[in-house]
Amino acid sequence: MSMNNLTVALLLEDLELAKEFSDIFRELGVVAHFYEDLDSFWKGTLEVIPTLSLVDVKKMHEGTLLLKNHPFVKNDQLPMAFFFSSNTAPLLHSTYEFFNMGTILKGANYRGQVKSILKRLNKMLSYEQRISKIEIEKNKLSNQVRGLIEVSQVYKEDHFYDRYLKDLCNNFETEKIRCMDFFESCENVFSELEDISEFAYLELSSNGQRLLSPESTSMKFVTIPSLFLGRTCHNGIEEFAQNMGSQVAVDLLGGEVMSLNIKGKRNNPDLIIYLKLNDITLSEKLDWTALENYLNGVYASFNEGGKLSLNREARFITAWEAFSLFDKQVKSAVNGDIKNQFALIDINLSDIIVMAREGKSGEFYWKSFYQDFIARVLNAYPKDLKFISMGVNNLGVLCEYAHLDQAMTHLKNIAHRFSYWRYFENADTLLAKSLRPEVKMIPASAEAYLLHVEEIKFSALDELDKLDLKSKAKELVWGRAPERTL
């Protein structure tokens, strides 16, 4: 360290001696300040801390002032050297507790003693400077390490939520293969996620005038009452309907609710999923837009998959063709040939048809129901099926006898989960009713199937009597056409 940067405070009794030391320090490039008493020294060094203080041991106390009580002496911020004589040497014992750079003996070579003290002082100051630089570098490195740790934590966090999203999509891929519809896949995935405490689901009715919530057996699913929109949504769930649904969902679910708008081919979403989250961080960190876009693809795969199967794979045969096939199969069995046998399954839609004919639930969307129901049967079923139309009440399904159990399970699952109420204009009155069709195996013969269908017809008429609709039987049978007799 340069001497020009050093200052020294002189607290000496002899003014001539102080002048001599001042000259020596000036020659060495050190600025010296002289203080006659401890009081002025105390005040001066409090204002500006000198690099070194040269104190006469006889000046270490003055009245009630004690040098050892000086604030900068107590915390070792004031390096000192002490001047003594042979007579005052015993006073040096009290200097041992000070931050001491050395002593100067009266009458000895002052210049040499001062140089020795300044050399020690310079060495100490250079060490302090090096330590200061090291501390600065250390702090800089600590900041860099802290920054790297923060970046690493952010990366780990981002990686965690990226992995979370990937696992979530993989779960949907698994459910997409084994589920019958989009809602079932959502139901299965969200029910298993611990981070989701509750979820809800709203879809647009066929006439575009209501938002409906499907039935579910999941403990986490919250059913939202049917919402009458007041005006028709022609192109998916419009913004006003989205706001209405969100308000109701937040009221029912509460807490941190995320909404996912699922779109098909229309500009606005076909349905909205509401998720109540246990973890607020998940709502901030997960890429919900990416999940929403992925679920749009899953939704499209269910819809398009069924339509593709309906258009290209399904084969519909008339009852006449089916009965001929049954007769041929019976003859083959009599002759001992039981290969490639067909099994017959009947789907009884009578309860749905009765409800549609009553008209209490508004218009019934016949074509949409039939197309969607057939598409759902064909979707995700790997084996070939043939359909027989036995009027609107009964739908026959032919499958290979070897796959009968699999086909029965598949059809019963569909019959149990299909959203029949969706195809009625006013679905509110139907949500609490069971419209599930009966799925039953029928012997693969013309006589057996005809007897089964005829019994169903008579049972349906008996049911109409029970509903006090006997007076309308004529109109139900003949319609409003003019009465004719044979």
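Let's start with Cys169: this residue is buried, at a relative accessible area of 15%, where buried means under 20% relative accessible area, exposed over 50% and partly exposed in between (1.4 Å probe, protein chains only). Cys399 is buried too, with 2%. The model is a predicted one, so local features need pLDDT of at least 70 and side-chain atom pairs count only at pLDDT 80 or more, while totals for chains, interfaces and linings use all residues. Residues are numbered from 1 along each chain as its sequence is written, and side-chain values use heavy atoms, with hydrogens and water left out.

**Cysteines**
- How many disulfides does the structure hold? The count is 0, with a disulfide being a pair of cysteine sulfur atoms within 2.5 Å.

**Aromatic rings**
- A pair of aromatic rings is described by the distance of the centres and the angle of the planes.
- Searching the whole structure turns up 27 aromatic pairs. Rings of Phe, Tyr and Trp (its six-membered ring) pair if their centres lie within 6.5 Å; planes under 30 degrees apart count as stacked, over 60 as edge-to-face and the rest as tilted.
- Take Phe172 and Tyr294: their ring centres are 6.4 Å apart and their planes sit at 65°, so this pair is edge-to-face.
- Phe172 belongs to helix 4 (residues 110-178) and Tyr294 to helix 8 (residues 288-313), so the pair ties together parts that are 122 residues apart in sequence. Helices (H or I, at least four residues) and strands (E, at least two) are DSSP runs, numbered from the N terminus.
- Phe172 and Tyr294 are both buried.
- Another edge-to-face pair is Phe369 with Tyr423, at 5.7 Å centre to centre and 75° between the planes.
- This pair also links distant parts of the chain, 54 residues apart: Phe369 is in helix 11 (residues 366-378), and Tyr423 is in the loop between helix 12 (404-417) and strand 17 (438-442).
- Phe369 and Tyr423 are both buried.
- Ring pairs also build a cluster whose members include Phe364, Trp366, Phe369 and Tyr423.

**A charge over a ring**
- Arg231 lies over the face of Phe240, 3.7 Å from the ring centre. The test asks for NZ of Lys or CZ of Arg within 6 Å of the ring centre and within 35 degrees of the ring normal.

**Strand 16 and its partners**
- Strand 16 (residues 394-400) is mostly covered, with 6 of its 7 residues buried.
- Strand 14 (residues 342-348) pairs with strand 16 in the antiparallel sense over 7 bridges; two strands pair if DSSP finds at least two bridges between them. Here Phe342 stands opposite Glu400.
- Strand 15 (residues 386-389) is also antiparallel to strand 16, over 4 bridges, and Lys386 stands opposite Leu398.
- The hairpin of strands 15 and 16 has 4 residues between the strands, and Gly391 there takes a positive phi near 90°.

**Helix 10**
- In helix 10 (residues 350-358), the buried residues are Ser350, Ile352, Ile353, Val354, Met355 and Ala356.
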